[in-house]
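Open the structure in your viewer and keep the selection tool ready. We will go stop by stop.

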Amino acid sequence: MRRTFVAALVCLALLLLAGPAQAQVKTMDITIKSGNEDIKAFVAIPEGKGPFPGVVVIQEWWGLNDWIKENAKRFASKGYVAIAPALYRGKVTDDPKVAGQLRKGMPMDRAIRDLQGALDKLGSMDNVNKGSLGSIGWCMGGQLSLQLALNDPRIKACVMCYGAVVTDPEKLKTLSARILGVFGEDDMGIKAADVREFEAALKKADKQVEKINIYKGAGHGFMRPMNGATKNPEYREATANDAWMQIDAFFAKSLKK
């Protein structure tokens with residue numbers, strides 16, 4: 001019994017010496033302005049006074065669910081103020097049919113306005129570096145991450161994860177952000193051929209491209225471990241880890257100057 005107690009104390013001491021796995025963060029649900037409308041958003045803030053870079057974290061078509069909130073907290077643990085607006089006005093689902101209906105019921109111009117409202121909020125915070133703002137999204141959010149960057153020059157670094165692409169160089173002229181793309185070669189919705197055309201269009205428009213990844217053996221949604229309470233069959237752990245490593249390095253280089 002005594003030997004077990006001593007061993008437990010030794011393990012505890014080693015854990016304390018190793019320190020926390022990641023920095024503590026503060027989270028809260030807030031209200032932000034989107035034009036003349038008030039909408040909800042989730043915010044995750046690092047410890048310390050800052051100023052910190054800011055990142056707009058954009059939901060998939062499921063809504064502002066726990067996975068998106070966890071991603072916002074992850075960014076905060078790495079030294080970013082992360083904000084995720086509720087584009088569906090608080091509605092969340094894990095039913096694809098309902099998600100499709102919610103997506104169809106969301107006007108694109110309203111979504112861009114909501115995301116710009118999130119940027120306005122970041123810009124009003126004393127602990128945020130207003131010149132170091134980025135965006136990231138998955139699926140529908142990947143498309144919106146690019147669209148936000150096309151519509152707002154405050155975005156300096158844009159990550160789009162398997163979102164709809166733009167293949168016309170003329171429509172990329174307003175882009176001032178640097179782009180990192182994360183796609184799957186087996187994605188039946190966002191075709192690899194279209195992604196390659198998107199990369200070519202970015203280069204033709206003389207835009208800043210960090211890298212456009214097309215991962216072999218990965219389909220749509222491969223970065224998300226779960227579909228609600230069930231495992232996501234499209235999840236590819238090793239590939240997702242590589243994507244996260246690139247995302248972390250990209251934001252650190254682009255926003256933490």
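This tour of a predicted model visits a helix pair, the nonpolar cores and some backbone details.

**Stop 1: two helices**

Select residues 66-77, helix α2, and residues 237-255, helix α7. Their axes lie 12 Å apart and meet at an angle of about 50°. That angle makes α2 oblique to α7. The crossing of the two, α2 and α7, is right-handed.

Now show side chains. From α2, pick N71, R74 and F75; they meet W244, I247, D248 and F251 of α7. This contact is made up of 4 nonpolar, 2 charged and 1 polar residues.

**Stop 2: the cores**

In soluble globular proteins, nonpolar side chains tend to be buried together. Here, the largest nonpolar core has 47 residues. Which of them touch the most other members? Select I83 and L144.

Stay on L144. Leaving out residues up to four places away in sequence, L144 touches I58, L87, M106, M108, A111, I112 and L115. Another core, of 34 residues, lies apart from the largest one; its members include L64, A72, A86 and I136.

**Stop 3: backbone details**

Most residues other than glycine have a negative phi, and most peptide bonds are trans. Go to P51, in the loop between β2 and β3. The peptide bond from G50 to P51 is cis, with omega near 5°.

Next, select R89, between β4 and α3 in a loop. Its phi is near 60°, a positive value. R89 counts as partly exposed because its relative accessibility is 29%.

Last, select D206, in the loop between α6 and β8. Phi of D206 is also positive, near 60°. Buried or exposed? At 68% relative accessibility, D206 counts as exposed.

Key: Residues are numbered from 1 along each chain as its sequence is written. This is a predicted model: local features need pLDDT of at least 70, side-chain atom pairs count only at pLDDT 80 or more; totals for chains, interfaces and linings use all residues. Side-chain values use heavy atoms; hydrogens and water are left out. Axes are lines fitted to C-alpha atoms, for helices over the stretch in contact, and angles run from 0 to 180 degrees between N-to-C directions. Helices (H or I, at least four residues) and strands (E, at least two) are DSSP runs, numbered from the N terminus. Angles under 35 degrees count as roughly parallel, over 145 as roughly antiparallel, 65 to 115 as roughly perpendicular and the rest as oblique. A crossing is left-handed if the near helix is turned anticlockwise from the far one by less than a right angle, and right-handed if clockwise. Contact means heavy atoms within 4.5 Å. Ala, Val, Leu, Ile, Met, Phe, Trp, Tyr, Cys and Pro count as nonpolar, Asp, Glu, Lys and Arg as charged, and the others, Gly among them, as polar. A nonpolar core is a set of buried Ala, Val, Leu, Ile, Met, Phe, Trp, Tyr and Cys residues joined through side-chain atoms within 4.5 Å. Buried means under 20% relative accessible area, exposed over 50%, partly exposed in between (1.4 Å probe, protein chains only).
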